[in-house]
Amino acid sequence: MAAEERELDLAAALGAEREASTQVLSVYVPDKNRHGRPINTRPWIREAQKILTRIGEGYTTTPPHDGGWESEGGRVRREKTVIIYTYIKPERFIAHLPALREFLHRFGRETDQEVVVAELSGPEGSWFFRIKEYDEGGG
């Protein structure tokens with residue numbers, strides 16, 4: 001039998017659910033504000049983990065990465081960034097999208113970020129979303 005004639009049903013072979021998650025949602029949490037001043041990231045990381053668990057039934061948090069970005073003034077700002085990600089379940093993603101938006105905008109406002117980012121990657125490509133204007137805080 002030729003290789004192209006063989007098909008492997010990996011889900012069955014692993015004893016897994018039939019539907020595999022193919023899209024990854026990542027949230028970036030830097031350790032500094034727009035002026036390079038340190039922020040307390042612990043509560044923000046915990047909250048992102050909680051929201052991503054609702055979206056994908058779990059999360060993974062990476063160790064801090066060395067990162068940098070160009071500020072509006074053209075200066076390169078260096079920081080340590082934690083990335084929290086999950087493999088989304090589409091129906092759960094849609095249901096928790098308002099909570100994700102509220103979190104991202106509140107994080108930007110309350111920690112004085114110039115940019116907040118989230119990334120969605122999947123078989124069709126990757127999208128890196130930059131949020132620079134934040135919704136007003138709630139009541």
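**Surface, strand and salt bridges**

Mentor: Start with Arg 18, which counts as exposed because its relative accessibility is 59%. Bear in mind that this is a predicted model.

Trainee: Where is Arg 18 found?

Mentor: Arg 18 is in the loop between α1 (10–14) and β1 (24–30).

Trainee: And what is Arg 18 in contact with, leaving aside neighbours within four places in sequence?

Mentor: With that exclusion, Arg 18 contacts Asp 9, Ala 11 and Ala 12.

Trainee: Which residues form the nonpolar patch on the surface?

Mentor: Leu 8, Leu 10 and Leu 14, with about 350 Å² of accessible area together. Leu 10 sits in helix α1, and at 47% relative accessibility it counts as partly exposed.

Trainee: Switching to β1. How many of its residues are buried?

Mentor: Seven of its seven, so the strand is mostly covered, buried here being under 20% relative accessible area.

Trainee: Which way do the β1 residues point?

Mentor: Val 24, Ser 26, Tyr 28 and Pro 30 point one way, while Leu 25, Val 27 and Val 29 point the other way. Residues on both sides are buried.

Trainee: In what sense do β1 and β4 pair, and over how many bridges?

Mentor: Strand β4 (residues 76–87) pairs with β1 in the antiparallel sense, over seven bridges. As one example, Ser 26 has Tyr 85 of β4 as its bridge partner.

Trainee: And β1 with β5?

Mentor: Also antiparallel, over four bridges, with β5 covering residues 116–122. In that pairing Val 24 stands opposite Ser 121.

Trainee: Let's do helix α2. Is Gln 49 buried or exposed?

Mentor: Gln 49 counts as buried, because its relative accessibility is 6%. The residue lies in helix α2, residues 42–56. Leaving aside neighbours within four places in sequence, Gln 49 is in contact with Tyr 59, Thr 61 and Ile 84.

Trainee: Now charges. How many salt bridges does the count come to?

Mentor: Seven. One of them joins the side chains of Asp 112 and Arg 34, at 2.8 Å from N to O. Asp 112 is in the loop between α3 (90–110) and β5, and Arg 34 is in the loop between β1 and α2, so the pair ties together parts 78 residues apart in sequence.

Trainee: How accessible are those two?

Mentor: Asp 112 is partly exposed at 28% relative accessible area, and Arg 34 is partly exposed at 24%.

Trainee: What about Asp 135 and Arg 101?

Mentor: Their side chains meet in a salt bridge as well, 2.7 Å from N to O. Asp 135 lies in the segment after β6 (125–131) and Arg 101 in helix α3, so this pair ties together parts 34 residues apart in sequence. Both are partly exposed, Asp 135 at 29% and Arg 101 at 48%.

Trainee: Which residue does Arg 106 form a salt bridge with?

Mentor: Glu 102, with the closest N and O atoms 2.7 Å apart. Both residues lie in helix α3, four residues apart, about one turn of the helix. Arg 106 is buried, with a relative accessible area of 16%, whereas Glu 102 is partly exposed at 40%.

Trainee: Which residues are linked in a network of salt bridges?

Mentor: Arg 106 and Glu 102 are linked there together with Glu 47.

Methods
Residues numbered from 1 in each chain as written. Predicted model: local features only at pLDDT ≥ 70, side-chain atom pairs only at ≥ 80, totals over all residues. Heavy atoms only, no water. Helix = DSSP H or I, 4+ residues; strand = E, 2+ residues; numbered from the N terminus. Buried < 20%, exposed > 50% of the residue type's maximum accessible area, 1.4 Å probe, protein only. Contact = heavy atoms within 4.5 Å. Pairing = 2+ DSSP bridges. Patch = residues over 30% accessible without salt bridge, like charges linked within 9 Å, V, L, I, M, F, W, Y side chains within 5 Å. Areas by Shrake-Rupley, 256 points an atom, 1.4 Å probe, with all protein chains shown as cover. Salt bridge = Lys/Arg side-chain N within 4 Å of Asp/Glu carboxyl O.
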